[in-house]
Amino acid sequence: NLVLDNFKIWLGSGGDGGNAETSTNCDPGIAEGGKGGNSGNFKMTASGSFQINSFTIEPGFGGNGGNAIAHGKPGEDGCPGKKGGDARTTGGDGADEKKKMGVEGTVNGLENVTVGSLLGGDGGDATSNPGRGGNGTACGCGGGPGGKGTAKGGDGGDVKFTGVGAVQHDASWDSPGNGGDATVSPALGGTGAGSAARIDDV
């Protein structure tokens, strides 16, 4: 037989996704943050009767998504200067916090079960730094264009609780994760070299 009286359990939170950053000599530079990990679950069994007098479950948090930073390499100087490297980033998604409570057999006192707040993981930030264009090296040589950059912040994790019977859960305290920020730095074009003109005496 199993009796739960003034019993409380804290579930583990999910781990954060890994961060990613490229070196500065990539064309294109591509980085993607890792997805946040899911929080823990649990299971209880009893070979005889199962009586709940007071039982509180505190869910863990969904893990945050990892940040991503990408750098495009600078364009080489030349005639004309070369284009700078592109940079593309995607922040990791925050973990969903979706919990479902199931019961098999006869469990008495489900109305005495309280499930705490659900918190989804935040999405990771994405930052792209495309490379500058190369400079012109001789008269009349144009500078290269700067690289292109794209960035997408990670999605915040959703939250949802699916209960059973009279289990208590106040969804007004649940909070989905925030989406990550996305930033693209402007890439300057290379400097062109001017042409020289001569006016001869007549």
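## A buried aspartate and its partner

Asp86 has a relative accessibility of 17% and thus counts as buried, a class that means under 20% relative accessible area, with exposed meaning over 50% and partly exposed lying in between (1.4 Å probe, protein chains only). The side chain of Asp86 meets that of Lys83 in a salt bridge, with 2.6 Å from N to O, the term being used for a side-chain nitrogen of Lys or Arg within 4 Å of a carboxyl oxygen of Asp or Glu. Lys83, for its part, is partly exposed, its relative accessible area being 37%.

## Basis of the values

The model is a predicted one, in which local features need pLDDT of at least 70 and side-chain atom pairs count only at pLDDT 80 or more, whereas totals for chains, interfaces and linings use all residues. Residues are numbered from 1 along each chain as its sequence is written, and side-chain values use heavy atoms, with hydrogens and water left out.

## The other salt bridges

The structure holds 3 salt bridges. One of them joins Lys8 to Glu58, whose closest N and O atoms are 4.0 Å apart. Because Lys8 belongs to strand β2 (residues 7–10) and Glu58 to strand β6 (residues 55–58), this pair ties together parts that are 50 residues apart in sequence; strands here are DSSP runs (E, at least two residues), numbered from the N terminus. Lys8 is partly exposed at 42% relative accessibility, and Glu58 is partly exposed at 25%.

Lys152 and Asp155 also meet through their side chains in a salt bridge, at 3.5 Å from N to O. Lys152 is partly exposed, with a relative accessible area of 41%, and Asp155 is likewise partly exposed, at 41%.

Definitions and conventions: Helices (H or I, at least four residues) and strands (E, at least two) are DSSP runs, numbered from the N terminus.
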